[in-house]
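Subject: Structure handover

Hi,

Here is the structure for you to look at. My notes follow below it.

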Amino acid sequence: MGLISGILMGMITGIALMAGWSRMMKYRSNKRIAKAVDIKLLGSLNRDDLKKICGDNFPEWISFPVYEQVKWLNKQLSKLWPFVADAATAIIKESVEPLLEEYRPAGITSMKFSKLSLGNVPPKIEGIRVQSLKEGQITMDIDFRWGGDPSIILGIEAAMVASIPIQLKDLQVFTVIRVIFQLTDEIPCISAVVVALLSEPKPRIDYTLKAIGGSLTAIPGLSDMIDDTVHTIVTDMLQWPHRIVVPIGGVPVDTSDLELKPQGKLTLTVVKANDLKNMEMIGKSDPYVVVYIRPLFKVKTKVVDNNLNPVWDETFELIAEDKETQSLIFEVFDQDIGQDKRLGIAKLPLRELEADTSKEIQLRLMPSLDMLKIKDKKDRGTISIKVLYHDFNKEEQYQALEDEKRILEERKKLKEAGVIGSTMDAVGAVGSGIGAGVGMVGTGLGAGVGIVGSGFGAVGSGLSKAGKFMGRSITGQSSSKKSGTSTPVNSAQENGGAKPL
């Protein structure tokens, strides 16, 4: 009996253990499935949905990454980099050198690459975001980082100064590159590629300058000149809405829809300024205002002598290309012997303007648009303006492009004749003596210049290589009028060109 009862008890205990184990495993399986369903539902929620659920208790540490990691691409890029670097070096030298010549500041007679090598360290792609923003296009945003070891030496020449080799060291680039693929139904299925740097987050290019066998002080302000040139090329050539359009496949295609076009016109009146900062030891500042949408194409008001509350009441016309991303920039300067001093700067985003609605605005002047690096945060006064924005129709847009083409041709002749040294010389300026004024208009890599009151008129110029680099057809118009005042007089054109009325 004892043996039989022991066997029965063992069997009952074993069956109970197996049944309990099976029940526990089934319970755990059901719980895992339930959790997986909950996690899947949570994964489908966006930030707004979670805020509705959590209310004020929404945890700040929750993030929604919009860029997909591409470690595989970085591995391949590191293998390809020696070949990519050699090809990119040749392209950069051919494309950027003409830009350095056109964008070089006054005071520098020549700026060229003495040595250019991209080094052995490849860039890193932190992530890629793919979107379909428009039918027939694929938009790819690339989070690009590069802290490489390039060898870049610029040969800088200035009047009365021998060539100084300037080395760019510790170069670091942080930006988001937007690449747009225009699709087609023919092999290779891509007819053109558009490349640009997104304006938000702002492209960041860090470097240090070192003079080889000389001193940076040999040319006063040389470091600032190089910084301004790099910043101008980036913002005026590569930063969205400006872009490079590259046809693909070797077959001629119409890329006009991809190119940047004039979108609208701003009629701007610079009325007055109040409570400007006095930069003079004796007397008061002699202020004037420089206005622009693109850094390359500026106009300026007359100078009001010895006045901290000047009244200009001058009207200009400027052309906008992308109302959503571009801004009007106002820089107030004190005219002085030697280099003029900036009294303050203000920015007006164009997206704040309503079409065909006149607006009176008072802007507060700041020491800089980037206040993080500024120690002196004292009040710089205000500037009062009137502005009216008008959207172009198709005919007005086409006319602006045709006019611009003529400006570029005329400006090319003007530069060849030695009247202007570079595109940066075409800033709106005030003449004297014979009452000559210089006004600047234009687009792309050219601007128009009208020299008035002197019996000579000329406008326009462009860069063939730089035009290919931009991948766009640029057009414009020339004009010159006589004026008995020192106010610049010229015609309104695309891309921030301006015409005082």
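Lys93 is partly exposed, at 34% relative accessibility (buried means under 20% relative accessible area, exposed over 50%, partly exposed in between; 1.4 Å probe, protein chains only).

Before the rest, the ground rules. This is a predicted model, where local features need pLDDT of at least 70, side-chain atom pairs count only at pLDDT 80 or more, and totals for chains, interfaces and linings use all residues. Residues are numbered from 1 along each chain as its sequence is written, and side-chain values use heavy atoms, with hydrogens and water left out.

**Salt bridges**

There are nine salt bridges in the structure (a side-chain nitrogen of Lys or Arg within 4 Å of a carboxyl oxygen of Asp or Glu). Lys93 pairs with Glu97, with closest N and O atoms 3.5 Å apart. The two sit four residues apart in helix α3 (residues 71–103), so about one helical turn separates them (helices are DSSP runs of H or I, at least four residues; strands are E, at least two; both numbered from the N terminus).

Asp206 bridges to Arg204 at 2.7 Å between the closest N and O atoms. Asp206 is partly exposed at 28%, and Arg204 is partly exposed at 43%.

Asp336 and Lys341 form a salt bridge at 3.7 Å, N to O. Shared partners link Arg129, Asp141 and Arg178 into one salt-bridge network.

**Cores**

The largest nonpolar core has 37 residues, and Trp146, Ile156 and Ile166 have the most contacts inside it (a core is a set of buried Ala, Val, Leu, Ile, Met, Phe, Trp, Tyr and Cys residues joined through side-chain atoms within 4.5 Å). Strand β5 (residues 161–183) gives the most to this core: seven residues. Another core, of 30 residues, lies apart from it and includes Phe330 and Val387.

Best wishes
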